[in-house]
Amino acid sequence: MLDNALKFTPAHGKVGIQLLIAEKSVEIKISDTGPGIPKDLQSAIFERYRKADVNSEHDKGAGLGLAIVKKILEI
């Protein structure tokens with residue numbers, strides 16, 4: 001997720017990381033000033049091999065990052 005925030009935030013944009021620690025949980029929030037994910041793709045962003053823009057300069061990944069993060073967090 002952090003990799004995507006860094007990859008899709010334009011030059012001079014901002015990426016923020018917030019860590020919230022509770023008694024039995026940890027929450028990590030990542031925010032950025034990038035263009036965001038189109039509404040019609042938001043429901044599918046955690047699917048394997050799903051990419052938001054296959055014709056962009058960022059089309060180097062396999063579309064697995066968010067699916068892997070989701071699986072790790074579900075364990």
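Predicted model: local features only at pLDDT ≥ 70, side-chain atom pairs only at ≥ 80, totals over all residues.
## A nonpolar patch on the surface

Met1, Leu2, Leu6, Val15, Ile17, Leu19, Ile21, Val26, Ile28, Ile30 and Phe46 make up a nonpolar surface patch, and together they expose about 1,000 Å² of accessible area. A patch here takes in residues with over 30% relative accessible area and no salt bridge; nonpolar side chains (Val, Leu, Ile, Met, Phe, Trp, Tyr) are joined within 5 Å, and like charges within 9 Å. Areas come from the Shrake-Rupley method with a 1.4 Å probe, and for residues only the protein chains shown count as cover. A salt bridge, for its part, is a side-chain nitrogen of Lys or Arg within 4 Å of a carboxyl oxygen of Asp or Glu.

Where does the patch get its residues? H1, S1 and S2 each put in at least two, and S1 gives the largest share, with four residues. Take Ile28, which sits in strand S2: Ile28 counts as exposed because its relative accessibility is 57%. On this scale, buried means under 20% relative accessible area, exposed means over 50%, and partly exposed is in between (1.4 Å probe, protein chains only).

## What kind of model this is

Residues are numbered from 1 along each chain as its sequence is written, and side-chain values use heavy atoms, with hydrogens and water left out.

## Overall layout

The protein has two helices and two strands, and along the sequence they come in the order α-β-β-α. Helices (H or I, at least four residues) and strands (E, at least two) are DSSP runs, numbered from the N terminus.

Of the 75 residues in the protein, 9% are buried. The accessible surface comes to about 6,400 Å², and carbon and sulfur atoms hold 56% of that. As for contacts (heavy atoms within 4.5 Å), look at those with a separation of 6 or more: 24% of them link residues 24 or more positions apart.

## The hairpin

Strand S1 (residues 15-21) and strand S2 (residues 26-32) run antiparallel, joined by seven bridges. For two strands to pair, DSSP has to find at least two bridges between them. A hairpin of four residues takes the chain from S1 to S2. One of the bridge pairs is Ile21 with Val26 in S2.

## The loop between H1 and S1

Thr9 lies in the loop between H1 and S1. Is Thr9 buried or exposed? Thr9 is buried, because its relative accessible area is 12%. Leaving aside residues up to four places away in sequence, Thr9 touches Lys14, Val15, Asp32, Thr33 and Gly34. A polar atom of the Thr9 side chain also lies 2.5 Å from the backbone oxygen of Ala5.

His12 is in the loop between H1 and S1 too, but His12 is exposed, with 85% relative accessibility. The phi of His12 is near 70 degrees, a positive value in a residue other than glycine. Most residues other than glycine have a negative phi.

## Salt bridges in the helices

How many salt bridges does the structure hold? There are four. One of them links the side chains of Asp3 and Lys7, at 3.9 Å from N to O. Both residues belong to helix H1 (residues 2-8), and Asp3 and Lys7 are four residues apart, about one turn of the helix. Lys7 is partly exposed, because its relative accessible area is 26%.

Helix H2 (residues 65-74) holds Lys70 and Glu74, four residues apart and about one turn of the helix. Lys70 and Glu74 form a salt bridge in which the closest N and O atoms are 3.7 Å apart. Both partners are partly exposed, with Lys70 at 38% relative accessibility and Glu74 at 48%. Lys71 forms a salt bridge with Glu74 as well, the closest N and O atoms being 3.9 Å apart. Lys71 and Glu74 are three residues apart in H2, so about one helical turn separates them. Lys71 is exposed, with a relative accessible area of 55%. Through shared partners, the salt bridges tie Lys70, Lys71 and Glu74 into one network.

Conventions. Polar contact = N/O pair within 3.5 Å; in protein donor to acceptor, adjacent residues only side chain to side chain.
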